[in-house]
Amino acid sequence: MLDPIVNFFTRIFQWIGRGIGLLIGVILWPFLWAGRWYTQRGWILKAVFGLALLVLIGLYANFFYATQWWNNFNPNYPDTYTFEKRNVSAGEQVAAGTGTDTAKTCGNSGIAQIAADLTDFNVNQNAWISSMILYKLGLFGINWDDTPWMDNKASFQRGINQAVRRTATELADNLGRVRTTSQIDADLQDARGNLQFDEYTWYFGVSPFGPKTPTPSYYRDAVRKLRSFNARLATCQATFDARADNLKQYIDRIASDIGSTSAILKERAENHNNGWFDTRADDRYWFAYGQLYAYYGLMKGAQADFEDVIKEKHLQSLWDTMDAQFVSALRIQPFIIANGREDGWLLPTHLTTMGFYILRVRSNMVEISNVLTQ
């Protein structure tokens, strides 16, 4: 009586087994063909192709390590700077020796220091993923950003770089000069230009065709320029204009920047909520995470640089609330990003969660900006 049912399920599992076997055969066929072709060649050709294969394996091993190990990743990194012990605004003279310029001491810029350290974290303490040759080649021609693998760190780095780019522009255009009629600081101008360089350039390209200077080289030079500016500022040979209107403009620009990111998260969450199978959800999430990671430190630097303004405007309580929102957002580090429906009951919606925290941070920034206007 049960034989037809047993036979039915037996056939089902046989078909499933044959399907899996066929799929594995299709995947392995190119490798089996290559193996047969290789064994039929002469020893010179075997040596050349064997060496090329070893190089390729080495490149992929290095690529796997670079994308999966996040060296010195620490969401609480701003605490290591102990800016609260400095008690001097950026550019403010704190000591003088015999009356010569070389004996003067001024407060350096926490914003410039953190911008340099974040870029150093991206390109020196870690490999810059977006311009690595294997990242550019993709997975059998498919962009890594369109796959669930190997792209989280690259998106995180680009999020940090977005924040540092914005900051370098503000440093060159407003913070590192007196008003807009004074000369732009040469180091800040160079740093801004280097950080605006394309994120994906390798040593060679096709448009235009020929050898190129890779992206990390430009970013490393930006680190040197930012640190050079800070060294000159510490000896009172550079300018940092720590005015309330400059702080307001900087905060407004950041609020606009992360507001744009929240709109990107909203669009992805509403129109592509495929749960675990949305291969672009992780890119959006980690880009936003990288922005908040960077802006948390940069806001700590701004708090030190504009210490007098914050005291004068009684902003400490609002600033502490904003910092708490950053900390809450950076605690969320899911192993796999799921873009579930907002009203779903089975799958989480990490994009909407991140968007909520971004808007909380932005709301606090708007409050600070409003107080600075008064």
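1. Basis of the note. The model is predicted, and local features need pLDDT of at least 70, side-chain atom pairs count only at pLDDT 80 or more, and totals for chains, interfaces and linings use all residues. Residues are numbered from 1 along each chain as its sequence is written, and side-chain values use heavy atoms, with hydrogens and water left out. Helices (H or I, at least four residues) and strands (E, at least two) are DSSP runs, numbered from the N terminus.

2. Arg192. With a relative accessibility of 18%, Arg192 counts as buried; buried means under 20% relative accessible area, exposed over 50%, and partly exposed in between (1.4 Å probe, protein chains only). Leaving aside neighbours within four places in sequence, Arg192 is in contact with Ala168, Thr169, Ala172, Asp173 and Ile184. Contact here means heavy atoms within 4.5 Å.

3. Helices H3 and H5. Helix H3 (residues 110-123) packs with H5 at an angle of about 150°, and their axes are 10 Å apart. Axes are lines fitted to C-alpha atoms, for helices over the stretch in contact, and angles run from 0 to 180 degrees between N-to-C directions. The angle makes H3 roughly antiparallel to H5; angles under 35 degrees count as roughly parallel, over 145 as roughly antiparallel, 65 to 115 as roughly perpendicular and the rest as oblique. The crossing of H3 and H5 is left-handed, a term used if the near helix is turned anticlockwise from the far one by less than a right angle, with right-handed used if clockwise. On the H3 side the contact includes Ile111, Ala112, Ala115, Leu118 and Phe121, and among its partners in H5 are Phe156, Ile160, Val164, Leu171 and Leu175. By class, this contact of H3 with H5 has 10 nonpolar, five polar and no charged residues. In this classification Ala, Val, Leu, Ile, Met, Phe, Trp, Tyr, Cys and Pro count as nonpolar, Asp, Glu, Lys and Arg as charged, and the others, Gly among them, as polar.

4. Helices H5 and H8. H5 (residues 152-175) packs with H8 (residues 244-271) at about 155°, with the axes 11 Å apart. H5 is therefore roughly antiparallel to H8. The crossing of H5 and H8 is right-handed. H5 contributes Gln162, Arg166, Thr167, Glu170, Asn174 and Leu175 to the contact, while H8 contributes Asn246, Gln249, Tyr250, Arg253 and Asp257. The contact of H5 with H8 comprises two nonpolar, five polar and four charged residues.

5. Glu170. This residue of helix H5 has a relative accessibility of 1% and counts as buried. Apart from neighbours within four places in sequence, Glu170 is in contact with Leu175, Gln249, Tyr250 and Arg253.

6. Aromatic pairs. A search of the whole structure finds 25 aromatic pairs. Rings of Phe, Tyr and Trp (its six-membered ring) pair if their centres lie within 6.5 Å; planes under 30 degrees apart count as stacked, over 60 as edge-to-face and the rest as tilted. Phe63 and Trp144 form a tilted pair, because their ring centres are 5.6 Å apart and their planes lie at 40°. Phe63 is in helix H2 (residues 43-68) and Trp144 is in the loop between helix H4 (133-137) and H5, so this pair ties together parts that are 81 residues apart in sequence. Both Phe63 and Trp144 are buried. Tyr65 and Trp69 form a stacked pair, at 5.4 Å centre to centre with 20° between the planes. Tyr65 is partly exposed at 40% relative accessible area, and Trp69 is partly exposed at 45%. Ring pairs also link a cluster of Trp70, Phe73, Tyr77, Phe121, Phe156, Tyr285, Trp286, Tyr289 and Tyr293.

7. Met322. Met322 belongs to helix H11 (residues 316-330) and counts as buried at 0% relative accessibility. Leaving aside neighbours within four places in sequence, Met322 is in contact with Met299, Asn364, Met365 and Ile368.

8. Positive phi values. Cys236, which is not a glycine, has a positive phi of about 65°. Cys236 is found in the loop between helix H7 (215-234) and H8 and is partly exposed, with a relative accessible area of 24%. His314 also has a positive phi, near 55°, in a residue other than glycine. His314 lies in the loop between helix H10 (307-312) and H11 and counts as exposed at 70% relative accessibility.
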